[in-house]
Amino acid sequence: MCGIVGYTGPRQALPLLMSGLRRLEYRGYDSAGVAVERDHTLEVRRAEGKLDNLAAVVAQRPAAGDTGIGHTRWATHGRPTEQNAHPHVDCTGATAVIHNGIIENFQALKAPLIAAGHTFTSETDTEVVVHLLEDELKQGKSLEDAALAVLPRLEGAAALAFISTSDPGTIVAARISNAGGVIVGHGKGENFVASDMTALLEHTRQMSFLEGGDLAIVTPDAVRFRSIADGATIERPARTVAMDAIAAAKSGYKHFMLKEIFEQPRAISDTLLGRVDRGTGRVIFDEDLKMDEAYVKALPRITFVACGTAYHASLIGKYLIERLARIPCDVEIASEYRYRDPVVSKGQLVIAVTQSGETADTLAAMQEGKRRGARLLTFVNVLGSEASRVSDDVVYLHTGPEISVASTKAYTAMIVDLYLFAIYLAQRRGTVPDAEAAKLLAEVFHLPTLIDAVLREEPKLKALAYRYHTASNFLHLGRGVNYPTALEGALKLKELSYIHAEGTAAGEMKHGTNALIDSSLPVVAIALQDSVYKKMLSNIQEVRARAGVVIALATDGDEEIVRHADEIIRIPATNELLSPALAVVPLQLLAYHIADRRGNDVDQPRNLAKAVTVE
Ligand code: AGP
């Protein structure tokens, strides 16, 4: 997804913008550009493709100046070409704009501008903004007043930043809706702007977060905020961000994804920290979860809304909450929920599950639930994200930044926090005896050790990946609480390796999927020794009867499976309800190594973005 950076201060802006853009690469992009201002001149450099292309352009044609903005673009309106890359400039080349999001009414705004003689050089929705600014600046307005005149005319989701030769040393940044973040980083005699705190951490931990409808006026010595609606001065005090910039680097791993897979034992320990009261044995969440016992006891229904991997975690959440707390749950794909006139029951809870907290479809589904009277709870990784701000209650995953587009450690943390939440509800509703709750909790505290054991098997998984990396299709089968594991294993494989992979509830095979099976189809069967083990063995036999190749994910010590599988991946035994957090780990490694063996860009798979902030 697009990224924004900006700098104003005594230093040369260009290298700072380039390093900020590098930090935002993980969001996914297909072109990039910078604009730098000095002595009433504006220099713009842009390039299609990866940042290395832009680096080559600026190496050949450097741009000097102490104020600048930079952008990585993920194409929505207009192809990913140099012409469509941001920044866009007005007809005089004096003002530049960068933009994340979509301006929905750009066609209506563009027609009169063209009629008035403006020349457009791109296919983007963004370019209208800079021509509108040009008209306002021509009337002698300052950049901030020009922005205040233009921004209310824009419809849609947008985070924007502008510089102009008319206002040297000034960056004006704005957030016109709740999608797409804008953060101001406060330095000493210099200030920064970014869409994401990752780009700021190397410079400052003092940050102000813009709300939807805010304008920031940023100069080297001052930062002011105004309301776009009425121009009134507003306060957005700086907060100290505790995130460690070092943690955002690869720490010796070939890819962020591999690093994040190996961080899972630590991430799970972190997410468990302080969440069980040692005196009472009860699950507790911090003050961000405000629901009281009476509400929990009366809770009639829960609806999960989420996308992709977070949707798979939500399916597991449903299983856990229904089993332990006996509350009926539905799980909805957020992009479906938002448009289908959903029924919200009186007093019900809508739970959003989202790593980034910025996924447009999830935010819209939350809004829909809220509008119809539901209480909102979010499980989210990114502090200060939009989802966390609009929710009544929040559970933070505390896994640290997840850089790889493919979600791994956030997924296992989601499962663990949903497991804790199911126990939290069960303890307050009296649906699980104390002894059973204590046992379930003891097991989750042992999970990091079990994941460590699975990670030690990486060489075997790599060898397995190298045996199957040329397959054209994969089928992942699971049942019960590990049906979502099959979906997630298939999603990880397809998004990274570009191999077609399908996850299926094993009981559904005879209703259609069996037709796919032949000797060229590797079938990953999650066959742990749990309540559906025997059923899974029958499904495996169906596969083998049709010459399919079975790669079984089995429990340590299971001898019977040897007779049924071509390949066996083993994981330690754990309780069935927790097993999805363990079973997914070898599937993450399998997908990673297959994709790496195929030479793919593992951290930034083609056509995908980390935070999907547009529909
Ligand atoms: C995960 O590997 C995917 N890249 C994707 O499905 C992701 O989980 C989805 O876009 C939801 O993102 P969120 O958790 O940030 O809301």
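Which element gives the most to the lining of the second largest pocket? The answer is α9, with 3 residues.

## Basis of the model

This is a predicted model, in which local features need pLDDT of at least 70 and side-chain atom pairs count only at pLDDT 80 or more, while totals for chains, interfaces and linings use all residues. Residues are numbered from 1 along each chain as its sequence is written, and side-chain values use heavy atoms, with hydrogens and water left out.

## The second largest pocket

The second largest pocket holds about 560 Å³ of space. A pocket is an open set of points on a 1 Å grid over the protein atoms alone, with protein on both sides within 12 Å along at least five of seven lines; lining residues have an atom within 4 Å of a point. Grid points are joined across faces, edges and corners, and a volume is the space filled by probe spheres set on the points.

The second largest pocket is lined by 26 residues, and C307, G308, A609, K610 and V612 are the closest to its centre. Two or more lining residues come from each of α9, β18 (349-354), α11 (360-371) and α16. Helices (H or I, at least four residues) and strands (E, at least two) are DSSP runs, numbered from the N terminus. By class, the lining of this pocket has 13 nonpolar, 9 polar and 4 charged residues. Ala, Val, Leu, Ile, Met, Phe, Trp, Tyr, Cys and Pro count as nonpolar, Asp, Glu, Lys and Arg as charged, and the others, Gly among them, as polar.

## The ligand

The ligand takes up the space of the second largest pocket; a molecule sits in a pocket if more than half of its atoms lie within 2 Å of its grid points. The ligand is surrounded by 14 residues, the closest being T354, Q355, S356, T359 and E495, where near means a heavy atom within 4 Å. This shell divides into 5 nonpolar, 7 polar and 2 charged residues. Helices α9 (308-325) and α16 (483-497) each supply at least two residues of the shell.

A polar side-chain atom of T354 lies 2.6 Å from a ligand oxygen, and an N or O atom in the side chain of S356 is 2.6 Å from a ligand oxygen. A polar backbone atom of S407 is 2.8 Å from an oxygen atom of the ligand. Taken alone the ligand exposes 410 Å², of which the protein buries 90%; the areas come from the Shrake-Rupley method with a 1.4 Å probe.

## Cavities

The model has 3 cavities of 30 Å³ or more, a cavity being a set of points where a 1.4 Å probe fits but cannot get out. The largest cavity has a volume of about 70 Å³. Elements giving two or more residues to its lining are β1 (3-8), α1 (13-23) and β10 (191-194). Among the lining residues are V5, L16, F192 and H203. The lining of the largest cavity has 8 nonpolar, 3 polar and no charged residues.

## Backbone details

The peptide bond from H86 to P87 is cis, with omega near 0 degrees. P87 is in the loop between β4 (67-73) and β5 (88-89). D39, although not a glycine, has a positive phi of about 50 degrees, and its place is in the loop between β2 (31-38) and β3 (41-48).

Conventions: A polar contact is a pair of N or O atoms within 3.5 Å; within protein, one must be able to donate a hydrogen and the other to accept it, and residues adjacent in sequence count only if both atoms are side-chain atoms.
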